[in-house]
Amino acid sequence: MSAQDLMADAARRPVDAAEAALEGISSTVLNTMPEKTHNSIAWLVWHAARQQDVQVAQLCGSEQVWTAEGWNNSFDLDRSSADSGFGDTPEDVAKVRVSDPGLLLGYLRAVCCGTATYVRGLSQEDLDEVIDESWDPPVTRGMRIVSTVIDAAEHVGQAAYVRGLVDEDWSGKY
């Protein structure tokens with residue numbers, strides 16, 4: 001198995017985890033912010049997709065899936081379509097309200113599948129290319145992709161944890 005195959009497989013894993021975390025979820029649970037200050041499940045899944053979308057689009061020099069496929073219009077959020085959630089305050093998190101978990105899954109799936117397709121088209125030299133020298137060690141294209149995949153997986157895992165906190169009827173599917 002090549003590095004590209006491994007990375008493509010990993011890129012799709014957050015979708016599987018999100019499907020389990022969102023199965024049968026109510027709109028109320030989806031948008032609940034624990035203690036009114038912590039990230040909601042909707043925000044966590046949205047941000048999992050947004051951060052990867054922004055960074056991978058930058059890597060491949062293409063338009064983000066968010067705008068290219070009209071997800072920004074489908075979500076109709078009260079925030080700029082350039083926002084991805086980095087540095088959000090509780091007030092910003094509260095602006096990400098989603099009634100249909102299928103919308104979140106669809107966007108996450110589109111981003112993760114796009115990342116997997118992008119990775120499969122890269123050579124080993126492409127993965128080794130240094131794209132950011134401001135870090136020590138410098139960041140390669142492959143390192144950045146892995147970082148976005150890990151970030152997406154962590155946020156989806158957090159969404160499952162929050163569901164366990166706010167949905168007393170949910171037993172978890174992990």
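I call a residue buried under 20% relative accessible area, exposed over 50%, and partly exposed in between (1.4 Å probe, protein chains only). I am working on a predicted model, where local features need pLDDT of at least 70, side-chain atom pairs count only at pLDDT 80 or more, and totals for chains, interfaces and linings use all residues. Residues are numbered from 1 along each chain as its sequence is written, and side-chain values use heavy atoms, with hydrogens and water left out.

**Overall fold.** I looked up the secondary structure and found 9 helices and 2 strands. These are DSSP runs, numbered from the N terminus: helices are H or I with at least four residues, strands E with at least two. The order along the chain is α-α-α-α-α-α-α-α-β-β-α. Next I checked burial: 48% of the 174 residues are buried.

**Salt bridges.** I counted 10 in the structure. Each needs a side-chain nitrogen of Lys or Arg within 4 Å of a carboxyl oxygen of Asp or Glu.

I looked at D5 and R120, which pair at 3.4 Å, N to O. D5 lies in helix α1 (residues 3-22) and R120 in helix α7 (residues 101-120), so the bridge ties parts 115 residues apart in sequence.

Then I took R109 and E19, whose closest N and O atoms are 2.5 Å apart. R109 is in helix α7 and E19 in helix α1, so this pair links parts 90 residues apart in sequence.

Which of the categories does R141 fall into at 10% relative accessibility? R141 is buried, whereas E129 is partly exposed at 35%.
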